[in-house]
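Please open the model in your viewer and keep the selection tool at hand. The tour goes from one selection to the next and says what is there at each stop.

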Amino acid sequence: MDEIFASNSNQYFKSKAREVLKRSYWTSFFALLILGILSSVYMLGSYLPITAMYVTTIKTISLTILFLVSSLVYTLLVGYPLQVGEKRFLMLNRYYRADLKEIFSGFRAGKFFNRIKVLFLRDLFCFLWLLPAAALEVFLLIQFKTTPQRLVNLVALLPAIPAFIKMYSYFMIPYILAGNSAITAKRAFEISVQTMKGEKFNLFTLRISFIGWYYLSNLLCGIGVLFLNPYIKAAEAEFYDTLRQKAIRLGICTKEELDADIAGHIEAYEQAIAMERQARTAAFQLKEVDTKPCPFCGVQLSGKPLFCPYCGGNIIEKESETKKARLEELEQNGIKALLDDKELYGKASMLWRSYGIASCISFLKGQAKELGLQDIEITEEDVKNLLEEPNEQ
């Protein structure tokens, strides 16, 4: 399966992420902040086993077990749905400014326990892949008690490499669940594993490319990471979208398998964009309809060109001469010269019939001012006499 990313793909994902965040940075910031606070609740339980290593009273051990169990339950019933909600928010936020409530979409009825089951299996498989590394570390600590801890950790890290590779293979699973909560665990794993072939290193390099930003964020006592997080998550969402297109293109899955739950949102957005484009096109076409003939060759021209592109005539100079001649004629003959223009005569007649003679007089004065005649006197009698005459006049 060939790779789909170019060597500069990281810059591409980051630039796309910046485009998204230009319109929705603070929405993304608060969404991820809320998710971070809620996620940290069940992460606190992971620190208790470390405490139990130093304080081994029955009360402390019992408390640790209680927190571990409650942390597991919280992860299953709250943490996993929040993961799905986060991915759904990020996916929809690519198209428009997603609502904050989307981060809780993982709790919606319909396939709630299917989401939990699939994500639990993902973490279970990752844990099983880590067991050899954990077993090796315990063995080294028992057999070589004098061996430095850092060396033990380094040696034990080698069997953990396949586990990290598997974690990257499962990268797409929460996104797939966000797009289709009814998908089976087997199918979700198949799509993610097959699509990530040849792309795991690309994901690794994308994440590593933010290391400089992490160092800068830590200068603010770690608080800067909160402001960096939307950028990283948006870039990973762009990475997933490219993987999604790859999976559909290569026939690994269908669009319906990935977008069943969000297809309506995407279609509504695309329809709105299509309608906006149609409106812009119609406005442009209407603007183009407002044409006038070249005073030299008679070809219809749109806009206000300085020179005719067909005959090369100086349109501005010609219009200036025409305007000057019309102004002289107006000064001599008054409103009668103004109404010699048949098009203007027709508009004046229509205004008189539809809105009354006052509107007609106001229109004629405005036309005279455009030609440079500021103080022309136009009476109702003049208009009645001139507009009653035949069009040939």
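Predicted model: local features only at pLDDT ≥ 70, side-chain atom pairs only at ≥ 80, totals over all residues.

Select Phe113, which counts as exposed because its relative accessibility is 61% (exposed means over 50% relative accessible area, buried under 20%, and partly exposed in between, with a 1.4 Å probe and protein chains only). Residues are numbered from 1 along each chain as its sequence is written, and side-chain values use heavy atoms, with hydrogens and water left out.

How many aromatic pairs does a search of the whole structure find? The search gives 20, where rings of Phe, Tyr and Trp (its six-membered ring) pair if their centres lie within 6.5 Å, and planes under 30 degrees apart count as stacked, over 60 as edge-to-face and the rest as tilted. The two residues already selected, Phe112 and Phe113, have ring centres 5.1 Å apart and planes at 80°, so their pair is edge-to-face.

Select next Tyr175 and Tyr240, whose ring centres are 4.5 Å apart and whose planes are at 10°, so this pair is stacked. Tyr175 belongs to helix H7 (residues 173-179) and Tyr240 to helix H11 (residues 224-249), so that the pair links distant parts of the chain, 65 residues apart; helices here are DSSP runs (H or I, at least four residues), and strands (E) have at least two, numbered from the N terminus. Both tyrosines, Tyr175 and Tyr240, are buried.

Move on to Lys14, whose charged end sits over the ring of Phe210, 4.6 Å from its centre (that is, NZ of Lys or CZ of Arg is within 6 Å of the ring centre and within 35 degrees of the ring normal).

Finally, select helix H6 (residues 161-169) and helix H9 (residues 200-208), whose axes come within 9 Å and cross at roughly 90°. The contact (heavy atoms within 4.5 Å) is made by Ile165, Tyr168 and Ser169 of H6 and by Lys200, Leu203, Phe204 and Arg207 of H9.

How values were computed
Axes fitted to C-alpha atoms, helices over the stretch in contact; angles between N-to-C directions.
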